[in-house]
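Please read it alongside the sequence and the coordinates.

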Amino acid sequence: MVSAMTLLGITVSGSDLLAQQSEVDPAAVQAFQKMTEFVVNLEGFSVSTQVTLEELLDNGQRIDVDIYANVVIQRPNKLRAARLGDGVSQSFYYNGETLTLYDPVNKVYATEAAPKTIEGVLDYTRENLGLIIPVADLVYRNAFELLMQDVNFAAVVGDAIIGGVHCTHLAFGRPDVDFQVWVADGDVPYPCKYVVTDTSSPALMSTVTVMGDWVFDPETDAAVFYFVPPADAQAVSFLPYNSSSEN
Amino acid sequence: MNIIKLTILAVVAGMAFFVDLSPATSPIPMEVQFVSEAQAIFGVRRRAIRRGVVVGYAAAEGAEAGAVAQQQAVTAEQQATTAQQQSATTQQQAATAQHENAVVTKAAAGALALGTVVATLPGGCTQMSSGGIEYYHCGADYYRAVFQGNNLVYVTASP
């Protein structure tokens, strides 16, 4: 589609970026590093996220699935997330000792012993349980190194307003995946929006996350990270992610 | 003049979009006749390779492909069962409702191997508890609820 525009000689704001493909603009890298360092250095925060998962039906019909999530993090080892949306109602609890996924609609929960840090639990849930935790990419202490690995394109696209906040739009490319980050302007460089696009398939499916309601270092009662099962809730288990794919 | 330019752009862009999409969608078979809407969409969700995270990107691919294959196998099995049930029902049109249930139960018997994952339980299940675990007894199969990633699914089990 972009090449069709270029052939027609129509100027789009991204055309200058296309000319610089496979170049890395240090200003974009620097702005991104400033954001990741800000998030990494927060002892705790809460944020709400609106996630849109792009899906493709067998017949090519595009369907977007929207999920709202609220995330509370206290470093080094506490995380609580609640997800609501298209057929999803879930709470995730992590307190440095155990992790629990609770489905309040079906009244079922699964609890497991957990790694000792947030980074450890994010790795464990993704690789062993197949669980996705909202904004996990940006929470890692070494988020900058992890995300910049193999990056071969970086650009400052321009200014945008996300949720009423002035933000700087950054775009990055690495093999098979593009990601875009919008960083709030000013002294508090928090992420406003995060888009990940799978460039390995021509469908170019994305996951779009818009973040808002940031609270830095909130006063959080430690009890919110501990799950107390309701009397009528049923304990179930996680299907191991790796073994489930071998069946 | 501008309007003509825009129209051409819209048409060309539309065509480019169409061409872009077709290689991705054409190899995927349409298999929605025998599965309910919810199961069809669930199947597609597992089939569409989605990467919501950059971290762990390469590692996730193999596992996801495996899960997709598994889901496709389950869908095929469900379709076979449904087709069997439909033909059985057609043959037994004069039978009482009770008799029909018996026929369906028989058709489903032994259809699913232990460890088979389904998105939704079949109809007519009764709940029972054994060893602190809740089981759903549906026809000849027993299921228990499990989380597969963020999804609540049911896996055949032996109480």
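**Notes on the predicted two-chain model**

1. Composition of chain A. Chain A contains seven helices and 13 strands. The model is a predicted one, and the points below should be read accordingly. Of the 247 residues in chain A, 33% count as buried. Among the contacts of chain A with a separation of 6 or more, 49% join residues 24 or more positions apart.

2. Composition of chain B. Chain B has four helices and five strands. Buried residues account for 26% of the 159 residues of chain B. Of its contacts with a separation of 6 or more, 48% are between residues 24 or more positions apart.

3. Confidence. For the complex, the predictor reports an ipTM of 0.74 and a pTM of 0.67. The average pLDDT of chain B is 55, and 30% of its residues score at least 70. Over residues 58–109 of chain B the pLDDT is below 50, although the model gives this stretch 58 contacts beyond near neighbours in sequence. Residues 6–50 of chain B likewise stay under 50 in pLDDT, and the model has 61 contacts for them beyond four places in sequence.

4. The sheet of chain A. Twelve strands of chain A form an open sheet with mixed pairing. Their order is β7-β8-β9-β10-β11-β1-β2-β3-β4-β5-β6-β12. Which strands stand at the edges of this sheet? They are β7 and β12 (234–235) of chain A; each has a single partner strand, so one side of each is left without a neighbour in the sheet.

5. The pair β7 and β8. Strand β7 (residues 153–162) of chain A runs antiparallel to strand β8 (residues 165–174) of chain A, and nine bridges join the two. Within this pairing, A:F153 has A:G173 in β8(A) as its bridge partner. The hairpin that β7(A) and β8(A) make has two residues between the strands, and A:G163 in this hairpin takes a positive phi near 55°.

6. The pair β3 and β4. β3(A) and strand β4 (residues 88–94) of chain A are antiparallel and are joined by seven bridges. A:L79 has A:Y94 in β4(A) as its bridge partner. A:Y94 is also among the residues with the most contacts inside the largest nonpolar core.

7. The nonpolar core. How many residues does the largest nonpolar core have? It has 68, and those with the most contacts inside it come from both chains: A:Y94, A:V181, A:V183, B:V146, B:F147 and B:V153. Strand β9 (residues 177–184) of chain A gives the most to this core, with six residues. Leaving aside residues up to four places away in sequence, A:V183 touches A:A31, A:M35, A:C167, A:T168, A:L170, A:P189, A:P191 and A:C192.

8. Helix α4. Helix α4 (residues 118–129) of chain A has twelve residues and reaches 15 Å from its first C-alpha to its last, close to the 16 Å expected at 1.5 Å a residue. The buried residues in α4(A) include A:I118, A:V121, A:L122, A:T125, A:R126 and A:L129. These residues lie on the same side of α4(A), because they cover an arc of only 125° around the axis. In general, an α-helix has 3.6 residues a turn, so residues three or four places apart point the same way. After α4(A) comes A:G130, whose phi is positive, near 70°.

9. The loop between β2 and β3. A:R75 is placed in the loop between β2 (62–74) and β3 (78–85) of chain A. Is A:R75 buried or partly exposed? A:R75 is partly exposed, because 17 other C-beta atoms lie within 10 Å, whereas a buried residue would have 20 or more. A:R75 and A:L42 are 33 residues apart in sequence, yet their C-alpha atoms are 7.9 Å apart in space. Beyond four places in sequence, A:R75 touches A:E43, A:G44 and A:I118.

10. With 13 C-beta neighbours inside 10 Å, A:P76 counts as partly exposed. Not counting residues up to four places away in sequence, A:P76 touches A:T117 and A:I118. A:I118 is one of the buried residues of α4(A).

Definitions and conventions. Residues are numbered from 1 along each chain as its sequence is written. Chains are lettered from A and ligands numbered from 1 in the order in which they are written. This is a predicted model: local features need pLDDT of at least 70, side-chain atom pairs count only at pLDDT 80 or more; totals for chains, interfaces and linings use all residues. The expected span of a helix is 1.5 Å times one less than its number of residues. A residue is buried if 20 or more other C-beta atoms lie within 10 Å of its own, exposed if 12 or fewer, and partly exposed in between; C-beta atoms are placed from the backbone. The arc is that of the directions from the helix axis to the C-beta atoms. pLDDT is the predictor's confidence in each residue, from 0 to 100. Two residues are in contact if their C-beta atoms, placed from the backbone, lie within 7 Å. A nonpolar core is a set of buried Ala, Val, Leu, Ile, Met, Phe, Trp, Tyr and Cys residues joined through C-beta atoms within 7 Å. Two strands pair if DSSP finds at least two bridges between them.
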